[in-house]
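Subject: Structure for your review

Dear colleague,

My notes on it follow directly after.

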2 protein chains.
Amino acid sequence: MIELTKEYIEHLREVIELKDETAAVNMLQELYPADIAELFQELDLEEAIYLYMLMDGEKAADVLMELDEEDRRKLLKELPSELIAKRFIDFMETDDAVDLMRELDEDTQEEILSHIEDVEQAGDIVDLLKYDEDTAGGLMGTEMIVVNENWSMPKCLEEMRSQAEEMDEIYYVYVVDDDERLRGVLPLKKMITSPSVSKIKHVMKKDPIAVKDSDSIEEVAQTIEKYDLVALPVIDSIGRLVGRITIDDVMDEVREQHERDYQLASGISQDVETSDNVILQTAARLPWLLIGMIGGLGNSVLLGGFESSFAANPKMALFIPLIGGTGGNVGIQSSAIVVQGLANNSLKQGNVWKQIVKESAVSLINASIISLVVFIYNFFMLNNRAITASVSLSLFAVVMFASIFGTLVPMTLDRFKIDPALATGPFISITNDIIGMMIYMFITAALS
Amino acid sequence: MIELTKEYIEHLREVIELKDETAAVNMLQELYPADIAELFQELDLEEAIYLYMLMDGEKAADVLMELDEEDRRKLLKELPSELIAKRFIDFMETDDAVDLMRELDEDTQEEILSHIEDVEQAGDIVDLLKYDEDTAGGLMGTEMIVVNENWSMPKCLEEMRSQAEEMDEIYYVYVVDDDERLRGVLPLKKMITSPSVSKIKHVMKKDPIAVKDSDSIEEVAQTIEKYDLVALPVIDSIGRLVGRITIDDVMDEVREQHERDYQLASGISQDVETSDNVILQTAARLPWLLIGMIGGLGNSVLLGGFESSFAANPKMALFIPLIGGTGGNVGIQSSAIVVQGLANNSLKQGNVWKQIVKESAVSLINASIISLVVFIYNFFMLNNRAITASVSLSLFAVVMFASIFGTLVPMTLDRFKIDPALATGPFISITNDIIGMMIYMFITAALS
C-alpha cells in the first residue's frame, strides 16, 4: 500500500505537468480506486480529467463512484453524455450505474441511456430506476451468478465461468427453478470443495435467506447483519429472483442512517460534513437554533407573567437553569433509549406501556435522589423555606414528566411511521425547558 | 424462512414437554442459528438446554454466539468446562472461541483449554488471547486458506479443498512466500474462472490491502469500508500473515461504536438496552444527571451574586432560559460536527485552526441573525432598553463562545487520544449553561 504523502502528490503533479504518460500510468497502477479518489481531492479538475483518460475503464468507473457526490457532480458536468456512458457506465455494475443516474437530471439520464452499448445493461438500469430509492429494489444490482436447479455441477461450473467474466466479485451462486423463482443458494466454497455430477438441487442450501424488492433498507440491513451474510438475494412478490444486494452498499446505508440519527439528536437538520461550505453549514444549523430561540422567547413571556413574584422573591430566579437543564437532560436520555431500541429492534411497538412503566420506575429513583440532594443543599444554604420546597418539588415533577414525555413522543412518531429520531435532541430539550418553567412557576405560586 | 409466531413457539414448547425428539429436531433443522437464538429468549433455560443437546455441534456453537452476552453467561454457568470445550469451542472458528473465552474467568479458561482436542486450535486460541481486545489482533481469527506463491494452480486447488473443510465460508485465498510473509491475494472468483498451470504468483493480485495486528479497530473498520472488502488479512510487524478479519465482526464493532457515540451524546454513561433492568438503567443515567445538578446548583450560586439586580430589575430573569438554551444548542451542534468528522476521517487533526475559522464564520452568521431577531422582538415588546441591549449582546457572545468551545474541546481530547465523544451532549450543554449565565450577568452588570 502506498501512502499519499505530500511528496508523493507533488511528484504526481509534476508528472502531470510534464504530460509524462508512462510515469503517470505507472503511478496509477500502484493505487487502489479509493486512494485515487482521495488523491483527486488534492488535484484540480483538469489534472483529474487528465488522469481519468489514462485509466482503464473499470478503474475509472470505480474511482468515479468513490468520489464525494459533490466532486462527482463537478466532474460529470464537464463531460459529454456519450463519454459518461462509454467511459463510465459501460464498466459499472448496475447498482452503481443506478446510483450515478439518480444524481443526474432526467434529460441527461435519457441521453446517457441512449449511448449505452449493452442493451441488456441499459434495460436493467431502466428497470432499477423505477424502484423507490429507500427499498431493497433501489439498492440492488442485477449482476449475479444464476443457475438452474436441474443442471449438473459441471454444467453449472461452465455456466459460472462465462457469467463471471463481467463481475467484480462473486460470493454466492443463486439457484432458480424453471420459472425463475429462487430455490436455493450455493456458497462459492461448495463449488470448489464438492465437484460432483449430481444435480445442483441436491447440493444447494434450500430456503435461502432473501428480501423482497419492496422491503425497506432497514429490513435489508437487519437481515444481512442478523444472518452474517455478505450478499443477499432479492425476490419479487411471486418469489422470482430479481437482483442481489452486497454488504458494502448495506454498510454505507447503515453508516448514513447512524449519522442522520446522530445529527438529528444534535440539532443538525441536514446532512453536513466538516468539509461543506459555510452557507451549507449555516442552513443545516440555523433552523433548530431559531426554533430554540422561539422557545426561549416563549419562556420569557411565560416567566413575564410572574414578574412581580421575581421582584418580591428574587431567589426564585437562581434555580431556573437547574430546573430547565435537568428536564432537558432527562428528556434526552429517555428519547435516546427509545430511538436506539426502535432502531436495533430490541424495542417493539406493542410494548409502549411496558416501556413507560419501566421508564417511570427509573425516573422515580432518579427524581427522588436529585430532588432530595437539592433539598438538603438548599435547606442549609438558601435560608428560604418556600423556595427550598418548591425547587425540589418542581425538580421531582420535571424529571417525571420529561422522562415519560421523552419516551412517549418517539414511540408515537414511530407508530405513525415518522422517523422517531426527530423527537430527540433540541426538540426534547426545548419542549422540556418550557414545560419545566411552567411546572416551576405554578408550584411556586401554589406554595406562596 | 419461518416466522417465530406465538403459535409456533407454543407448538415447540409442547414438543419439548412431550420430549418428542424427532419433531424437535425437525423444527430445529428448519431454523437458522440467529432465529434459534431469538427463540431462546422465549424459552426457559431448561428448555433451551434440551434443544442444545439435539443440535449438531456447529449449529449449537453458532446459536451460542448469537445469544446476548447475558443469556450466554447464564447458560455457560450451568455447563461443565469439558462440555463447553467439546460441544461448543471445538466447532467454533478461533475468533468466536476467543470472544467466548474473554467472557469467562481465567480458571474456567484454563479448564476449557485443557479439554480442547485439536491442539493446533487450542494453541491459536492461547496466542489470540494475548492481543489487546481493541486491536486487529484481538478481532482476527486464524481460519483462512493460505497457499504458497510458488505453487501451481492445480496444487493450489487441491490444497484449498483440504483446508476448506473446516471453514464456514471462504472469500479470498491468501498467498505467502516461503517465510510466511503475505505476498498476494486471490479472489475466489479467479480460482474458478482461470484454472491454469502457471504459478500462483503470476495470477495473484500483488500488494494486497492488509492491516497490522496492532492496528486499532477503527483503522480496521476504515480500511475494510474504504476498499469495499469482505475480509481483511492481518500481518505482524515483519509482514507475516497471522490472521484474517471478516466483515460481519467489523460491522458489529462499527454498530457498537455508533451506539456508544450516540449514548454519550445523550448523557448515558454505560451501554444500556431497553431490555436492561431498572437498576442498570438508573446506574447508566444518574451520573450525568448528578453532574447536571451540580452545574445547576453552581449556576444558582453564580446568579445569587446578582440577587439584588434581580430584585431591582426582575425582567432580567425572563431571559435566563433563552440564553442558557441557545448556548447549549449551539455547543451541541458544534461538538457533534467535530466528533462525526473525526469518526469518519473527514476532519484531520492538523486542521484545528481551519475548522475553528470555518466554525467562527458559521457562528457569526447564526449569532447575528438570532441576536438581531431577539433585539427587534424585545425592542417592541419589552419596553426596557438596558435589558434589550444586554440580552442581544449576551446571545451574540454566547453563540460565538459556545461554538468555538464546542469545536475546541473534542479536538483537544482527540489530540490526547481521549474519545472526543465524551465532550458531547450533557458535558457541553452544562458547561455552556454556566458560562452563558456568566456572560449574561457580567454584560448586564456592565451595561447598568
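How much of the chain over residues 386-409 of chain A is helix, how much is strand, and how far apart are the end C-alpha atoms? In this predicted model, the span is 100% helix and 0% strand, and its end C-alpha atoms are separated by 33 Å. Residues 386-409 belong to a set of spans in chain A that UniProt, in an unreviewed entry, records as "transmembrane region"; the others are 286-306, 318-339, 360-380 and 421-443. Please bear in mind that such annotations may be inferred rather than shown by experiment. For residues 318-339 of chain A, the model gives 91% helix and 0% strand, with 34 Å between the end C-alpha atoms.

I turn next to the relation between the chains. Chain A is superposed on chain B by a rotation of 180 degrees with a shift of 0.1 Å along the axis, and the RMSD is 0.2 Å. This is therefore the relation of a two-fold axis. The same surface serves both copies, as 100% of the contact residues of chain A recur in chain B. Within chain A, the residue that comes closest to the rotation axis is Ala311(A), whose C-alpha lies at 2.3 Å.

The salt bridges deserve a separate paragraph. Side chains of opposite charge can pair when their charged atoms come close. Over all chains, the count comes to 38 salt bridges. One of them links Glu38(A) to Lys226(B), with 2.6 Å from N to O. This pair crosses between chains, from helix α3 (residues 33-40) of chain A to helix α14 (residues 217-226) of chain B. Glu38(A) is partly exposed, at a relative accessible area of 35%, and Lys226(B) is also partly exposed, at 25%.

Lys226(A) takes part in salt bridges with Asp35(B), at 3.0 Å from N to O, and with Glu38(B), where the closest N and O atoms are 2.6 Å apart. Lys226(A) lies in helix α15 of chain A and Glu38(B) in helix α3 of chain B, so this pair joins two chains. The pair of Lys226(A) and Asp35(B) likewise crosses between chains, from helix α15 (residues 217-226) of chain A to helix α3 (residues 33-40) of chain B.

Are these partners buried or exposed, or something in between? Lys226(A) counts as partly exposed because its relative accessibility is 24%, and the threshold for buried is under 20%. Asp35(B), at 6%, therefore counts as buried, whereas Glu38(B), at 36%, is partly exposed. Elsewhere, salt bridges with shared partners join Glu93(A), Asp95(A), Glu143(A) and Arg244(A) into one network.

Finally, I would draw your attention to a loop residue in chain B. Thr135(B) sits in the loop between α10 (119-129) and α11 (136-139) of that chain. Its relative accessibility is 12%, so Thr135(B) counts as buried. Which residues is Thr135(B) in contact with, leaving aside its neighbours within four places in sequence? They are Asp213(B), Ser214(B), Asp215(B), Ser216(B) and Ile217(B).

Yours sincerely,
A colleague

Key: Residues are numbered from 1 along each chain as its sequence is written. Chains are lettered from A and ligands numbered from 1 in the order in which they are written. This is a predicted model: local features need pLDDT of at least 70, side-chain atom pairs count only at pLDDT 80 or more; totals for chains, interfaces and linings use all residues. Side-chain values use heavy atoms; hydrogens and water are left out. Helices (H or I, at least four residues) and strands (E, at least two) are DSSP runs, numbered from the N terminus. Copies are superposed by least squares on the C-alpha atoms of residues with pLDDT of at least 70 in both. Contact means heavy atoms within 4.5 Å. A salt bridge is a side-chain nitrogen of Lys or Arg within 4 Å of a carboxyl oxygen of Asp or Glu. Buried means under 20% relative accessible area, exposed over 50%, partly exposed in between (1.4 Å probe, protein chains only).
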